[in-house]
Number of protein chains: 2
Amino acid sequence: MALKSFIEVGPDSHFPIQNLPFGIFKPEPTSPPRPGVAIGDYVLDLSTISVSGLFEGPFLSGSDCFLQPNLNKFLALGRPAWKEARATLQNLLSADEAKLRDNPNLREKSLVPMSKVEMLLPIAIGDYTDFFSSMHHARNCGIMFRGPENAINPNWFQLPIAYHGRCSSIVVSGTDIIRPRGQGHPSGNSPPYFGPSRKLDFELEMAAVVGPGNELGKPVDVNEAGDHIFGLVLMNDWSARDIQAWEYVPLGPFLGKSFGTTISPWIVTLDALEPFACDAPKQDPQPLPYLAEKISKNYDISLEVQIKPAGQEDSCVVTRSNFNHLYWTVTQQLAHHTINGCNLRPGDLLGTGTISGPEPESYGCLLELTWNGQKSLSLNGTTRKFLEDGDEVVFSGCSKGDGYKVGFGTCSGKILPSP
Amino acid sequence: MALKSFIEVGPDSHFPIQNLPFGIFKPEPTSPPRPGVAIGDYVLDLSTISVSGLFEGPFLSGSDCFLQPNLNKFLALGRPAWKEARATLQNLLSADEAKLRDNPNLREKSLVPMSKVEMLLPIAIGDYTDFFSSMHHARNCGIMFRGPENAINPNWFQLPIAYHGRCSSIVVSGTDIIRPRGQGHPSGNSPPYFGPSRKLDFELEMAAVVGPGNELGKPVDVNEAGDHIFGLVLMNDWSARDIQAWEYVPLGPFLGKSFGTTISPWIVTLDALEPFACDAPKQDPQPLPYLAEKISKNYDISLEVQIKPAGQEDSCVVTRSNFNHLYWTVTQQLAHHTINGCNLRPGDLLGTGTISGPEPESYGCLLELTWNGQKSLSLNGTTRKFLEDGDEVVFSGCSKGDGYKVGFGTCSGKILPSP
């Protein structure tokens, strides 16, 4: 019989007992931030559970990792501690276990309605890296900017291309995004213009959250890379296409990206996603030995983007994609990242890059969906080429099990006008 | 009469009372890290001075900013506090002031011979950005990789090009650098090779250390940008040219850089550098209004790179350059960085990019000095195209005043073989 919680969880909830994603929240506006897990419409306060002595296993009993304002200390403990936490919490929340279920005082203290909490960034992010791992996205961008002959650079098939991103402007879902100003360039020899971005876009991504890091100079083997990844979040890599197009040669994206990046508040663990693991696409050419995995895994996670146009009540689905479209796996990304000796630290974020599927309805950004503004997207009777002030973009993602879902909730942001 | 300290400081010292650069050090291997300033051959322990109640001004009396393991809290206080600290310390160390001079007990506790201390990274770096602001460097790289016709991209003259760098692998001077492994690509349609980098290089840079930051969405005016910069350090942006060349299209440098970046331990303040301010080069075309400065300043800082080849006793000067070769000023860099709303935080690092001068003897990296390995550099009877295992690279930099120097000390690192 399927695992069930004593807390009622509807079949469409993203947060059944099979999931138990980790986040950081404040139960009241003035209370200090603390770790929690989502269960149905509630957040279980892990600081309370910890202080109550209910983490009794060898890794977590006596640890103060749940008395922190972020999850970094817990992440640093590694998979054995994560598995212990998951087992403890699944037991504590299960319908058959009385410890919490029959303790009204503890329930009252530890279970906070999700509608009342404020979610914060779950991690302190020391470094954020963004990959470029969807072949469909790489090909579409290549066709648009270099033509169909040389759409994908030869290096793309040999290594997971990536760039360093900006940490300071990573915000949690629900934070407004101010339209960036910057330089764009019309064409030919005209001088650049300056002003609010005319081509503001979202990018549908997910990101891996790094657990234990590695020492400088000590690469992580690709077959052990999974133990360095705690879980995944949804990520919107907001992009100003006009700023990006003018600035990115030769050193890559900079101000076209660094004005804001939104992540979902809940980190869904790889352990919760394991039932949804699937084969990664066959790679041709064969990757070099340091990238060759014994088991090459993706996850079947359905992704959806809705836009709620400025001034309207209803949202419109603009794309549906899936995490399993990624060509390079997150473990290959992590191994590649460290092969030069680069050190990762707990809480580092590894973005996947825009996750586009093969069909036009599954493209992961407006650049692809409107083919760089050459066509319009219909939304509830209005149209969009790029985002307008007041538009709200909402990502959601979940894996569908037998009678339950393991979901990420949403990752949203609304565009405010330039100052 | 020139300001003098009661501590004897030779005319060639980088650290007279006119300088007073800030760093973080441990007096004993087991003692906690703390802030200090360099004076002659000594480090003045600011935690001791602070606990002794000698910071009596309005910004610093009662502050715990010098009881921290990094300078970030002090940096966040801004220029008025920095000026107060400088005035207090110049007074305390001056030949005419008895407070410290005539207090043997306090001298004993607070003045530690520099030869005995361990220097650490002076700041916790939340984000590191590397610019590309020397025209000579940009032109040389352009000629090598794209030919003389299109050596410099048109965007280069309109904005200070930059990319996000990796924070985790920034190390303090003296830390060994392990030769990175990675993919390179010989040419044409050959498959990539994998192994230790065959083209390991240094890059002669300096970096600005950010003081007070700005809120997300609130750009810093270029004419106020100076108040957001605490000071400068020397920086070696170690680069693996073969890895970089193969990976950098289209998203910029990644593993070719992220294996290590070395900074000097002492941050020389803009206040100490003010006597060496000079006009920045005339910019043509005129920059857009958001980059147009009322006063456009560089600093006259002589820079030198020495290589001590593996197995040899003596170092060889391989290049001499100057900070004043930069086309884009550090204040323009900072204003540009925030124009899209990107937020800076205290302790952020803004690298200048390789500082090459116009003459071949002033090129700032081996890529330029050996023209991508086409010619060899003579060093004490041996030769180099790129760095070999065991080579030590030592940067130094200083400004020359009337009878004194304001210097940065050195920024060094030795290459260890790949694992």
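How many cavities of 30 Å³ or more does the count come to? The count is nine. The structure here is a predicted model.

Take the largest cavity. Its volume is about 50 Å³. Both chains contribute to its lining: A:Val249 and A:Pro250 on one side of the list, and B:Phe132, B:Ala138, B:Arg146, B:Ala151, B:Ile152, B:Asn153, B:Asn155, B:Trp156 and B:Ile161 on the other. By class, eight lining residues are nonpolar, two are polar and one is charged. Rolling a probe the size of a water molecule over the atoms shows where empty space is left.

The largest nonpolar core has 225 residues. Within this core, A:Leu349 and B:Leu349 have the most contacts. What does A:Leu349 touch, beyond residues up to four places away in sequence? Its partners include A:Ile123, A:Ile125, A:Ile170, A:Val209, A:Val233, A:Met235 and A:Ile263. A:Ala207 and A:Ala208 are also among them, as are A:Asp127, A:Tyr128 and A:Thr129. In soluble globular proteins, nonpolar side chains tend to be buried together.

One annotated residue remains. UniProt, in an unreviewed entry, lists A:His137 under "active site". A:His137 sits in helix α6 of chain A, which spans residues 135-146. Is A:His137 buried or exposed? A:His137 counts as buried because its relative accessibility is 4%, and the cut-off for buried is under 20%. Leaving aside neighbours within four places in sequence, A:His137 is in contact with A:Phe132, A:Glu203, A:Thr354, A:Ser356, A:Cys365 and A:Glu368.

How values were computed:
Residues numbered from 1 in each chain as written. Chains lettered and ligands numbered in written order. Predicted model: local features only at pLDDT ≥ 70, side-chain atom pairs only at ≥ 80, totals over all residues. Heavy atoms only, no water. UniProt positions renumbered as here; feature names shortened; annotations may be inferred. Helix = DSSP H or I, 4+ residues; strand = E, 2+ residues; numbered from the N terminus. Buried < 20%, exposed > 50% of the residue type's maximum accessible area, 1.4 Å probe, protein only. Contact = heavy atoms within 4.5 Å. Core = buried A, V, L, I, M, F, W, Y, C linked by side-chain atoms within 4.5 Å. 1 Å grid on protein atoms, 1.4 Å probe; cavity = no way out; pocket = protein on both sides within 12 Å on 5 of 7 lines; lining within 4 Å. Points joined across faces, edges and corners; volume = space filled by probe spheres on them. Nonpolar A, V, L, I, M, F, W, Y, C, P; charged D, E, K, R; others polar.
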